[in-house]
Amino acid sequence: MSAHVKCSSVVGKLRKAGFDVNEWRPGSFLATRPDSPYRITWFRNGEGDSACCLNVAHKNDHDDMQSDYSAGSWCDSIAQAIRFATT
């Protein structure tokens, strides 16, 4: 993801695209849309408001640390994440 993209900007773009956005624990965000089988997650980078680690995965797919499996695909931009999650 490009440097210094604000979490507030990511939230705004996702809500405009019809996603429900929740901060499910401090600094960790989850976006879902009722008509999409995918979820978008990202993290707040440190103490600031910049977003990092933008990921799109199927709602039923989860990471497995024991097998070194990372669910989903990492995205370079919120536009790319929205395209992945709505196709």
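Modeller: In this text, contact means heavy atoms within 4.5 Å. The structure is a predicted model, so local features need pLDDT of at least 70 and side-chain atom pairs count only at pLDDT 80 or more, while totals for chains, interfaces and linings use all residues. Residues are numbered from 1 along each chain as its sequence is written, and side-chain values use heavy atoms, with hydrogens and water left out.

Colleague: Which residues is Ser50 in contact with, leaving aside its neighbours within four places in sequence?

Modeller: Ser50 touches His4, Val5, Lys6, Cys7, Phe43, Arg44 and Asn45. Ser50 sits in the loop between β3 and β4.

Colleague: What makes Ser50 count as buried?

Modeller: Buried means under 20% relative accessible area, exposed over 50%, and partly exposed in between, with a 1.4 Å probe and protein chains only. Ser50 has 17%, so it is buried. Of the 87 residues of the protein, 36% fall in the buried class.

Colleague: What is in contact with Val5, apart from neighbours within four places in sequence?

Modeller: Val5 contacts Val10, Asp49, Ser50 and Ala51. Val5 belongs to the segment before α1. Its C-alpha atom is 26 Å from that of Asp61, which is 56 residues away along the chain.

Colleague: How many helices and strands are there, and in what pattern?

Modeller: The protein has 2 helices and 5 strands. Helices (H or I, at least four residues) and strands (E, at least two) are DSSP runs, numbered from the N terminus. Along the sequence the pattern is α-β-β-β-β-β-α.

Colleague: Why is the protein called as compact as a globular protein of its length?

Modeller: Its radius of gyration is 12 Å, close to the 12 Å from the globule rule for 87 residues, so the description applies. That radius is taken over C-alpha atoms, and the rule is 2.2 Å times the number of residues to the power 0.38. The C-alpha atoms fill a box of roughly 30 × 30 × 20 Å along the principal axes. Among contacts with a separation of 6 or more, 34% join residues 24 or more positions apart.

Colleague: Which residues of helix α2 are buried, and what do they pack against?

Modeller: In α2, residues 78-85, the buried ones are Ile78, Gln80, Ala81, Ile82 and Ala85. They pack against α1 (7-16), β3 (38-44) and β4 (51-58).

Colleague: How do you know how many disulfides there are?

Modeller: A disulfide is a pair of cysteine sulfur atoms within 2.5 Å, and a search of the whole structure finds 0. For Cys52, the nearest cysteine sulfur is that of Cys53, 4.0 Å away, and Cys52 is in no disulfide. For Cys75, the nearest cysteine sulfur is also that of Cys53, at 12 Å, and Cys75 is in no disulfide.

Colleague: Is Cys75 buried or exposed?

Modeller: Cys75 has 4% relative accessibility, so it counts as buried.

Colleague: Why is Cys53 called partly exposed?

Modeller: Cys53 has 39% relative accessibility, so that is its class. Cys53 lies in strand β4. Its phi is near 60 degrees, a positive value in a residue other than glycine.

Colleague: What makes Asp68 count as exposed?

Modeller: The relative accessibility of Asp68 is 72%, so Asp68 is classed as exposed. Asp68 is found in the loop between β4 and β5 (73-74). Although Asp68 is not a glycine, its phi is positive, at about 65 degrees.
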